[in-house]
Amino acid sequence: MKVWWKSKTIWINAIAATLVAAESVTGAMQPLISVNFYAVMAVFLPIINAFLRTITTDALTASKDV
């Protein structure tokens, strides 16, 4: 078993969620990136998740004491 914080899938999703939340509050990135970027990310994030899921070999656990 692998502790949750070593999961690439968890980290990718946490980073994406953090960036989306920060952008929705600040709007700071909108002048810097095109609207198409959001569409591309909406397509590629599920693909990245599916790929990471296919290479997953260990179950996750909340603690090291398993």
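User: Which element gives the most to the lining of the second largest pocket?

Analyst: Helix α1 gives the most to that lining, with three residues, where a helix is a DSSP run of H or I of at least four residues, numbered from the N terminus. This is a predicted model, in which local features need pLDDT of at least 70 and side-chain atom pairs count only at pLDDT 80 or more, while totals for chains, interfaces and linings use all residues. Residues are numbered from 1 along each chain as its sequence is written, and side-chain values use heavy atoms, with hydrogens and water left out.

User: Why is N49 called buried?

Analyst: Buried means under 20% relative accessible area, with a 1.4 Å probe and protein chains only, and because N49 has 18% relative accessibility, N49 counts as buried. N49 is found in helix α2, residues 35-54.

User: What is N49 in contact with, leaving aside its neighbours within four places in sequence?

Analyst: N49 is in contact with T9 and N13, where contact means heavy atoms within 4.5 Å.

User: How do the residues lining the second largest pocket divide by class?

Analyst: They divide into four nonpolar, four polar and four charged, since Ala, Val, Leu, Ile, Met, Phe, Trp, Tyr, Cys and Pro count as nonpolar, Asp, Glu, Lys and Arg as charged, and the others, Gly among them, as polar. Among the lining residues are K2, T9, I10 and D58.

Notes
Helix = DSSP H or I, 4+ residues; strand = E, 2+ residues; numbered from the N terminus. Buried < 20%, exposed > 50% of the residue type's maximum accessible area, 1.4 Å probe, protein only. 1 Å grid on protein atoms, 1.4 Å probe; cavity = no way out; pocket = protein on both sides within 12 Å on 5 of 7 lines; lining within 4 Å.
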